Amino acid sequence: MKPKKMYFFLALLAISVLLLSACGKQAANTEMLNQTDNPSMQEASSPAMEKPSPSETPNIEAKTEYTMLYVGNSFIYTGDVPGQVKAIASMHGIEIDYDQVVPGGAKLSQTKDEATIKIRDNEYDFVVIQDYGERPIDERADFNADVKALCAAARGSGAVPVLYSPAWANIDAKPDVVYQDKLTAAYAKAADKNNAILVNAGDAWVYAYDKLPGISLYLPGDYHANNEGAYYTSCVFISTLFNICVEDICYKNEQYHSDNAVLLGETAWEFVNGTP
């Protein structure tokens, strides 16, 4: 091929390549615009996002009547936390029926069988789970296994599992902050693993101890709650489960008589919602 013809041929080839490239870009841009304007095309062109199933995520249906099962020990029945939760809720238009498996000093390994039968035979909205004192720390593997079994039973029956982390104190009725941190961490981790709600009464008590130094929440010489402590824990339950601030009433009943009711209710709300 002569040089002039070769140069002419190469020039035509180059022009053809440029034209084809431009057409390809235009087609790609047009397709991209079509996908942007068409939501269905956007969804089809991107990977599907996995959504947790209802059985995997705590879900509280908004209604005015609930049933609850408490599984634990003296940290639940001292001061009658279930009864106080019921009374406070009732004053806010929510009626609660409850059952309990709470023998003194019991571990979950001793109560889970009876609790599992109750869960199977009833239709609870919430199953509250609390273990013996130091067990979540000292016997963590057994604690986690028992919590897993009870949470699975609760979800299987349509109930929301709730882990209740109680307050821990020194014998002089002051919060043991170092130990409380470990206890709360054990409950929080178990709640996260089992998609359960955490009622963090332990840290709420530490918060109240600093904020309300003139109010004692403990029985004298004991690490259990007095009536005010049980009321405060009940307010933490109410704020956590029902998003209610117990601030506009002065709640009093046969178990709790104090002008600190509103202050404790507000403090519980502040702690749960992080709004001091």
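Of the 276 residues of this protein, 41% count as buried, where buried means under 20% relative accessible area, exposed over 50%, and partly exposed in between, with a 1.4 Å probe and protein chains only. What I am showing is a predicted model, in which local features need pLDDT of at least 70 and side-chain atom pairs count only at pLDDT 80 or more, while totals for chains, interfaces and linings use all residues. Residues are numbered from 1 along each chain as its sequence is written, and side-chain values use heavy atoms, with hydrogens and water left out.

The protein has 11 helices and five strands, taken as DSSP runs (H or I, at least four residues, for helices; E, at least two, for strands) and numbered from the N terminus. Among contacts with a separation of 6 or more, 74% are between residues 24 or more positions apart, a contact being heavy atoms within 4.5 Å.

Let me turn to helix H8, which spans 177-193. Gln180 lies in helix H8 and is buried, with a relative accessible area of 1%. Leaving aside residues up to four places away in sequence, Gln180 touches Ser165, Pro166, Ala167, Trp168, Gly202, Asp203 and Val206.

Lys189 also has its place in helix H8, and together with Arg140, Lys148 and Lys193 it forms a positive surface patch.

Terms used: Patches are made of residues with over 30% relative accessible area and no salt bridge: like charges are joined within 9 Å, nonpolar side chains (Val, Leu, Ile, Met, Phe, Trp, Tyr) within 5 Å. Accessible areas come from the Shrake-Rupley method with a 1.4 Å probe; for residues, only the protein chains shown count as cover. A salt bridge is a side-chain nitrogen of Lys or Arg within 4 Å of a carboxyl oxygen of Asp or Glu. Lys and Arg count as positive and Asp and Glu as negative; His and the chain ends are not counted. The place of a charge is taken as NZ of Lys, CZ of Arg, CG of Asp or CD of Glu.
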